[in-house]
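Let's take a friendly walk through a protein chain together. Keep the sequence and the 3D view open, and look up each residue as we come to it.

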Amino acid sequence: MSARDFFHSVMRIGPVQVGTHRDRHGRTKHAAVCTADRCGWSSDYTSRSAATLAARTHRCRIAWQETNR
């Protein structure tokens with residue numbers, strides 16, 4: 001059986017997307033994920049404000065290099 005992970009309330013802040021989902025224990029979590037290729041940064045938070053703050057303060061060197069070529 002595969003894990004089902006449905007994100008909702010997705011918003012984008014720069015190269016980072018923030019979305020809400022339920023973990024395997026049924027708790028609501030908020031994920032911040034950098035969408036730049038080869039970055040690989042992501043993190044789960046218990047509050048939406050923490051995930052939004054992480055998205056705003058994430059400094060992705062990969063996305064910065066791609067936009068300044």
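## Starting at strand S1

Ser9 has its place in strand S1, where strands (E, at least two residues) and helices (H or I, at least four residues) are DSSP runs numbered from the N terminus. This is a predicted model, in which local features need pLDDT of at least 70 and side-chain atom pairs count only at pLDDT 80 or more, while totals for chains, interfaces and linings use all residues. Residues are numbered from 1 along each chain as its sequence is written, and side-chain values use heavy atoms, with hydrogens and water left out.

Ser9 counts as partly exposed, at 47% relative accessibility. In this report, buried means under 20% relative accessible area, exposed means over 50%, and partly exposed is in between (1.4 Å probe, protein chains only). The phi angle of Ser9 is near 55°, a positive value in a residue other than glycine. Arg38 is another residue to look up: its phi is near 70°, again positive in a residue other than glycine. Arg38 lies in the loop between S3 and S4 and counts as exposed at 62% relative accessibility.

## The overall plan

Among contacts between residues at least 6 apart in sequence, 28% join residues at least 24 apart.

Gly19 is found in strand S2, which spans residues 16-22. At 4% relative accessibility, Gly19 counts as buried. Leaving out residues up to four places away in sequence, Gly19 touches several residues, including Ser9, His30 and Arg48.

Val16 is also found in S2. Is Val16 buried or exposed? It counts as buried, at 1% relative accessibility. Beyond the residues up to four places away in sequence, Val16 touches Met11, Ala32, Val33, Cys34, Trp41, Ala55 and His58.

## His30 and its neighbours

Move on to strand S3, where His30 has its place. His30 counts as buried at 10% relative accessibility. Its side chain makes a polar contact with the side chain of Thr20 at 3.1 Å. A polar contact is a pair of N or O atoms within 3.5 Å; within protein, one must be able to donate a hydrogen and the other to accept it, and residues adjacent in sequence count only if both atoms are side-chain atoms.

## The nonpolar core

In soluble globular proteins, nonpolar side chains tend to be buried together. Here the largest nonpolar core has 10 residues, among them Ile13, Val16, Cys34, Ala55 and Cys60. Such a core is a set of buried Ala, Val, Leu, Ile, Met, Phe, Trp, Tyr and Cys residues joined through side-chain atoms within 4.5 Å. S2, strand S3 (28-34) and helix H1 (48-57) each give two or more residues to this core.

In H1, the buried residues are Ala51, Thr52, Ala54 and Ala55. They are on the same side of H1 because they cover an arc of only 160° around the axis, taken from the directions from the helix axis to the C-beta atoms. These buried residues pack against strand S1 (8-13), S2, S3 and strand S4 (42-45). The face turned away from the buried side carries the exposed residues Ser49, Leu53, Arg56 and Thr57.

## What about the cysteines?

How many disulfides are there? With a disulfide taken as a pair of cysteine sulfur atoms within 2.5 Å, the count comes to zero. Cys34 is in no disulfide, and its nearest cysteine sulfur, that of Cys60, is 3.6 Å away. Cys60 is in no disulfide either; its nearest cysteine sulfur, that of Cys39, is 3.6 Å away. Cys34 is buried, with a relative accessible area of 7%, and Cys60 is buried, with 9%.

Notes:
Contact = heavy atoms within 4.5 Å.
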